[in-house]
Amino acid sequence: MKFILIGLVILQCTISIYAAHSHSFLYYAEQVVEEEESFVTAFAEEDAADLNSDLFYYYVEQWPGSSCDTKKGCCYPTTGKPATNFSIHGLWPTLLNGTWPEYCNPNTLHDESKISDLIERLQSEWPTISCPSSNGSKFWKHEWEKHGTCSILDQYAYFESTLNIKDRVNFLQVLENAGIKPDGNVYEVGAIKEAIKAGVGVSPVIECNADASKVSQLYQIYICVHPNGKDIIECPTTLKRNCNTTVEFPPF
Ligand SMILES: *[C@@H]1O[C@H](CO)[C@@H](O)[C@H](O)[C@H]1NC(C)=O
Ligand SMILES: *[C@@H]1O[C@H](CO)[C@@H](O)[C@H](O)[C@H]1NC(C)=O
Ligand SMILES: *[C@@H]1O[C@H](CO)[C@@H](O)[C@H](O)[C@H]1NC(C)=O
Ligand SMILES: *[C@@H]1O[C@H](CO)[C@@H](O)[C@H](O)[C@H]1NC(C)=O
């Protein structure tokens, strides 16, 4: 309910802007209304509508093959080579104005003993492939302290919710269903976005990086999540990430 009210206020403000400004500004204002409205809809469908928040999360997965073939390279975790699959990078709290709060609560330092029953899942779904080789503990600690402390979830819920989202979205399968495979070929970013929209139900943000020969490649996929950490929503704001119109999807 609160979100519908916010939506109405935004709509009203925009209507006054509409009355007061020139035609080109008007077009922009209309686009803003459209975006805000879709946000309101996404939240209105939600039971937890009274969550006090102008916050949502970006849920981000990375393709390990696109780190390993860079100039910098990668290092497999001490537990061995991860599955040939996308893996979790993080769940990143973001404000509706697009800014990202970080390190919000120095009093809730990472405590791995509180998530001991999640370690096996973390090792398989949220591995680190940065160098030097490590067991993941530092990566999870970093994600919790930098991002997790800015969520409205406690440490256990932060990790469990993120793992549960991973279980529900199978980006690799969804892409393969559209004929897009990690075979070193080049694909249209538009086709990648459409495949994810079709398979997961929401539009993703695609981030690219460059391989050692500077070819643009599929690096990370972002989708948006309600502050409750459970519901996948259309992104309420836009996010610009670098990408060529066609990208390589390297093997791993
Ligand atoms: C975004 O919103 C937050 C919280 O309301 C505020 O502190 C911050 O200054 C805003 N940033 C920008 C760039 O508008
Ligand atoms: C990872 O290694 C550190 C020591 O370097 C250790 O304290 C920690 O418990 C290990 N974590 C896991 C999940 O094995
Ligand atoms: C990849 O991860 C998804 C969960 O995101 C899982 O359902 C699927 O079985 C995994 N695929 C492979 C090939 O490991
Ligand atoms: C960007 O895409 C164009 C074709 O869409 C391709 O010719 C070019 O090589 C690509 N650039 C990079 C850096 O991958």
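Biologist: What relative accessible area does Lys141 have?

Modeller: Lys141 has a relative accessible area of 35% and is partly exposed. Buried means under 20% relative accessible area, exposed over 50%, and partly exposed in between, with a 1.4 Å probe and protein chains only. This is a predicted model, in which local features need pLDDT of at least 70, side-chain atom pairs count only at pLDDT 80 or more, and totals for chains, interfaces and linings use all residues. Residues are numbered from 1 along each chain as its sequence is written, chains are lettered from A and ligands numbered from 1 in the order in which they are written, and side-chain values use heavy atoms, leaving out hydrogens and water.

Biologist: With which residue does Lys141 form a salt bridge?

Modeller: Side chains of opposite charge can pair when their charged atoms come close. The side chain of Lys141 meets that of Glu145 at 3.0 Å, N to O, where a salt bridge is a side-chain nitrogen of Lys or Arg within 4 Å of a carboxyl oxygen of Asp or Glu. Glu145 is buried, at 15% relative accessible area.

Biologist: Where do Lys141 and Glu145 lie?

Modeller: Both lie in helix 5 (residues 137-146), four residues apart, which is about one turn of the helix. Helices (H or I, at least four residues) and strands (E, at least two) are DSSP runs, numbered from the N terminus.

Biologist: How many salt bridges does a search of the whole structure find?

Modeller: The search finds six. Among them is the pair Lys197 and Glu234, with N to O at 2.8 Å. This pair links distant parts of the chain, 37 residues apart: Lys197 belongs to helix 8 (residues 189-200), and Glu234 to the loop between strand 6 (232-233) and strand 7 (246-248). Lys197 is partly exposed at 38% relative accessible area, and Glu234 also counts as partly exposed, at 27%.

Biologist: Which residue forms a salt bridge with Arg241?

Modeller: Glu207 does, and the closest N and O atoms are 3.8 Å apart. Here too, distant parts of the chain are linked: Arg241 is in the loop between strand 6 and strand 7, whereas Glu207 is in strand 4 (residues 205-210), 34 residues apart.

Biologist: Are Arg241 and Glu207 buried or partly exposed?

Modeller: Arg241 counts as partly exposed at 32% relative accessibility, whereas Glu207 counts as buried at 16%.
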